[in-house]
Amino acid sequence: VGTDGGLLIKSRDGFSRMNPEGKITSFTESDGLQTADIRAILQGIEGDIWIGSNGAGIAKYCGDGVTHFNSNDGLNGNIVMSILQENDSTFWYSTYDNGITRKSGSESEYYGIESGLKSTRVWCSEKDTSGNFWFGTSGGLSKMVGQEFVTYGKSAGLPHKQVISLLSEDDGKLWVGTARGLVRYMPETDRFVQIEFIPSVKVR
């Protein structure tokens, strides 16, 4: 959902934007994208649309044009699966096989196995209502604590270590989609509860 109440839709053929009145506008390579294979999309605080692609890094759509940056500009990978905004100038980019880049202006920080991630294949990310940053990887669900990650796996109640989707609730709970079903993170117990009515299949 965009910051204006509209809807952003990503696909392998570009992305579309539906405004609150229901008008749909689509964007492809003919509109300035370097690739139409889109893996992540976020409307930022200031209204710009940030796009993570399969192979071309990041595109920023400002309404009057598109700018691009990739591994030559401080990203640690060009397949970007998820984007989080921390503040006006700081973003977190999760990549398919190269961990996470935290980019603030022209400065970049990189997070991988040495930072506590169990896998550098990062599928998704989410910020909860307490301000915690969560990242779903092929090695478990990782939470940023200080400058390192704490990772939750099967021993904490995850049905599978591959976490492919995340959604936070207003009460601080977190929905976690895995390669083997859906669970809900309960912050009061620091554990996960299996959602029994959801089949044990990939939940995206």
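Start with T35, which is buried, with a relative accessible area of 17%. Buried means under 20% relative accessible area, exposed over 50%, and partly exposed in between, with a 1.4 Å probe and protein chains only. This is a predicted model, in which local features need pLDDT of at least 70 and side-chain atom pairs count only at pLDDT 80 or more, while totals for chains, interfaces and linings use all residues. Residues are numbered from 1 along each chain as its sequence is written, and side-chain values use heavy atoms, with hydrogens and water left out.

T35 sits in the loop between β3 and β4 (38-43). Strands (E, at least two residues) and helices (H or I, at least four) are DSSP runs, numbered from the N terminus. Show D37 as well: the side chain of T35 reaches the backbone nitrogen of D37 at 3.2 Å. A polar contact is a pair of N or O atoms within 3.5 Å; within protein, one must be able to donate a hydrogen and the other to accept it, and residues adjacent in sequence count only if both atoms are side-chain atoms.

Next, select L33, Q34, T35, I38, S53, A56, G57, I58, A59 and H68, which line the largest cavity. The volume of this largest cavity is about 50 Å³, and the structure holds one cavity of 30 Å³ or more. On a 1 Å grid over the protein atoms alone, a cavity is a set of points where a 1.4 Å probe fits but cannot get out; a pocket is an open set with protein on both sides within 12 Å along at least five of seven lines; lining residues have an atom within 4 Å of a point. Grid points are joined across faces, edges and corners, and a volume is the space filled by probe spheres set on the points.

Colour the lining of the largest cavity by class: five residues are nonpolar, five are polar and none is charged. Ala, Val, Leu, Ile, Met, Phe, Trp, Tyr, Cys and Pro count as nonpolar, Asp, Glu, Lys and Arg as charged, and the others, Gly among them, as polar.

**The second largest pocket**

Move to W50, K60, D88, S89 and F91, which lie nearest the centre of the second largest pocket, out of 15 lining residues. About 230 Å³ of space lies in this pocket. Strands β9 (90-95) and β10 (100-104) each supply at least two residues of the lining of the second largest pocket. By class, that lining has five nonpolar, five polar and five charged residues.

**Aromatic rings**

Now display the rings of Phe, Tyr and Trp (its six-membered ring), which pair if their centres lie within 6.5 Å; planes under 30 degrees apart count as stacked, over 60 as edge-to-face and the rest as tilted. By this rule the count comes to 18 aromatic pairs. One of them is F15 with F27, stacked at 4.6 Å centre to centre, with 15 degrees between the planes. This pair links distant parts of the chain, with F15 in strand β2 (residues 14-18) and F27 in strand β3 (residues 24-27), 12 residues apart. F15 and F27 are both buried.

F15 lies in strand β2 and Y61 in strand β6 (residues 58-61), so the pair ties together parts that are 46 residues apart in sequence. The relative accessible area is 2% for F15 and 15% for Y61, which is also buried.

For a cluster, select W92, Y111, F133, F135 and F149, which ring pairs link together. Then pick F69 and K103: K103 lies over the face of F69, at 5.9 Å from the ring centre. A charge sits over a ring if NZ of Lys or CZ of Arg is within 6 Å of the ring centre and within 35 degrees of the ring normal.

**A backbone stop**

D190 lies in the loop between β18 (181-186) and β19 (191-194) and is partly exposed, with a relative accessible area of 35%. Most residues other than glycine have a negative phi.
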